Structure formats: C-alpha cells, structure tokens
Amino acid sequence: MVIAAVLLVIVLGSVVFHLATPWWTTPLASNWKTMDDTLTITVVITGVFFVAINLFVAYAVWRYRHRAGHRAAYEPENHRLERWLIGITTIGIVGLLAPGLVVYADYVRPPRDALQLEVVGYQWQWRFRLPGPTGELGGTDVRFISPTNPLGLDPSDPEGRDNLVIDGGEVYLPVNRPVKVTMRSVDVLHDFFAPQFRARMNLVPGQVSSFWFTPTQTGRFEAMCAQLCGLGHSAMRAHVVVVEEAEFLAWRDKLPTFASTQAPMAVTGGDPVALGRALAQSKGCVACHSSDGSTSVGPTWKGLYGKTETLKDGRRLRVDEQFLRDFIRDPKAMSIQGFPPVMPRIELSEDELDALVAHIKSLATP
Ligand code: CUA
C-alpha cells in the first residue's frame, strides 16, 4: 500500500513539476522551431509512458497485494497481451525517432544562397572565418597551421586570400539570412552550441562538420563549447551578434583579410600597439587572455597593466613594463595566485616583446 501511494505521489509530482517548472528553453531566435517540436513530441511520448507504466505498477501492487487465503496464478504466455505491448511500444519508438530523422535531414542541407561561416575550435577559444567578396572559403589543411596561420589556410589557394579571419570569439551575422556553418577542430573534440538558435554540432578533429540556421532575432547570443575538452572548457565561450544587414556589412569591412594577417609588420605600419595586437593573435595569447574583461584561463588584459598581483609566495608586485617583460620571457619563474601555472614560453624578438607589452599597456583602465 505504501509503495503504491509513493508511486502515485511521484507521478503526480512529476506532472506538476513539469507544468510549473521555471526551467524552460530559452526564447527561440532561429528558424529551428522544428527542434522544439521534436523536443515536445519526445517529452509527451516519454511522459505518457512514464505515467501509464507507474500507474499500472501502483494499481498492480495494490490489487494483487498479499491477502490470506489468496493464491497467485501462473500464466507464462499471453499472446494477445504480447502483441498489444509490442505494437504500442513500436508506435512509441517510431514516434520518438522518425521526426528527428526528418528534422536532421533538413538541418544538414543548407539553402543554396546561404552565407558561409567557418567555426574553428581549439583549446580553449573559438576562431571564425568568413568569405570575401567572392563568397567562397579557400582550402585548408592541417599542414599549413602555424602560429601566423592558425586556421591552416592554403597560402597558394587564391580563394583564401580575401577570406576574413576573426579572432577574439565574437562574430556578427545578418538577421534573416541563412548561414551555413562549417566546423573544424585544431586539437580535440569540441561542440559549438548557441542555445537560442537550437543549433549545435561536434567539431571532430580531422573532419569538417556542418549545419545551417537562419537567425530570426537581432541580439547578442552566447555560444559555448558543449564537450568537456580540458582545463579551459568552461571558459570556451563566444558571442554571435545578430544585426541588420547594413551593420553586418560595416563590421565585415573592418576585418583583416588572410593575406594581410600574413604580413603583420606591413599591415600595422610599424605601430607597436597594432603589431602587439596582431602578435597576441598569431602567437596564440588570446587563447587564454581576453581583452574585454571576460575570465579565461589566464588574467584578462583589460586593466591588467597597473594592477597589483599577489604571488604564490605572498609577495605583491605591481604589473608594470618590467614585470610584463620578465613574466613573458620566463613565465615559470613566478606563479601568480588564482591562476594555474600553465603559461608556455613564447619565442619573441625584442621588438615583438616591446609591441606585446605596448598592446597590454594600451588596455590599462584609465
Ligand atoms: Cu572546447 Cu569544451
């Protein structure tokens, strides 16, 4: 009796909790309403089975409870009942799987006029690439990946020269325009996921995966990595900013082309701050140090200059030019409280070190 009552409470509680819960999905901001529909179908089917099976068990526990003078009957076969159960279960499973197949087929077949966006994941940041005026992305190969060519674009492919390379984890997209997203990983398994778009997919090393979506709402949407990929996994975030077409084009016009990133000195015209910014990207510093105050594996560079840091041995040091130069030259010599000692030594010339320090200094809060 007690068990039957507990089962009834669990069933009732689950249904009430489902209806009253504040934990619903985020508001939809893409064309993928069908994703929500399949989720609803799944919840309804599994919910009906959950309620029906538990109520049946509660009923059976109560109806066939132990009573003096009653004997249990043994019934090894019941073909009619088996056919019913197999039939109902089959319908339930088809209902769970079939809609997903239809939605998935659509999900990986982008419209012809879709804008191309490449998402590249690496421990623990995102990079993006957009095509230039021709609308085509140039070829890539892991052989070409180097500190100055982190996306591994083929330098001999003319299609790639005008490709726009985006560092820093923020990409703009025009509203109401389909986007074909292709994904690559430089190191381990990652997963690009922006909840409001209901779109996500794994980035598998050695493969190019893809899906498409149409952003239908303007706004700034957070995307995150949804595969545990190491120490900095939780910091592996990016933002997709959906804007009107004109604003998108204005933003895109300011991006550096692949060709220009291959000659940072020439592009930056000798300005040390600009060179430092280019180096921070090409040398991979931005993987762990943000420039916008957001937390990552290492301290953000925004406002770092002039701050006082506490070393593990208790000493307190002001972050000035000398401190930065010493630390970058030999990161293992000091360890700072609050940060894991994981910074690698990076080969830099004296001029490059000056430029990098100048860049960090330029991010000091006034
Ligand atoms: Cu990349 Cu988790």
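Is R325 buried or exposed at 18% relative accessibility? R325 counts as buried, because its relative accessibility is 18% and buried means under 20% relative accessible area, exposed over 50% and partly exposed in between (1.4 Å probe, protein chains only). This is a predicted model, in which local features need pLDDT of at least 70, side-chain atom pairs count only at pLDDT 80 or more, and totals for chains, interfaces and linings use all residues. Residues are numbered from 1 along each chain as its sequence is written, and side-chain values use heavy atoms, with hydrogens and water left out. The whole structure holds 14 salt bridges (a side-chain nitrogen of Lys or Arg within 4 Å of a carboxyl oxygen of Asp or Glu).

**Between helices**
- E350 and R325 form a salt bridge at 2.4 Å, N to O.
- Helices are DSSP runs of H or I, at least four residues; strands are runs of E, at least two; both are numbered from the N terminus.
- E350 counts as partly exposed, at 44% relative accessibility.
- A salt-bridge network links R325, R329, E350 and D354.

- R129 and E118 form a salt bridge at 2.7 Å, N to O.
- R129 lies in strand β2 (residues 125-130) and E118 in strand β1 (residues 115-122), so the pair ties together parts eleven residues apart in sequence.
- Both R129 and E118 are buried.
- E222 and R237 form a salt bridge at 3.1 Å, N to O.
- E222 sits in strand β9 (residues 219-225) and R237 in strand β10 (residues 237-243), 15 residues apart.
- E222 is partly exposed at 30% relative accessibility; R237 is partly exposed at 39%.
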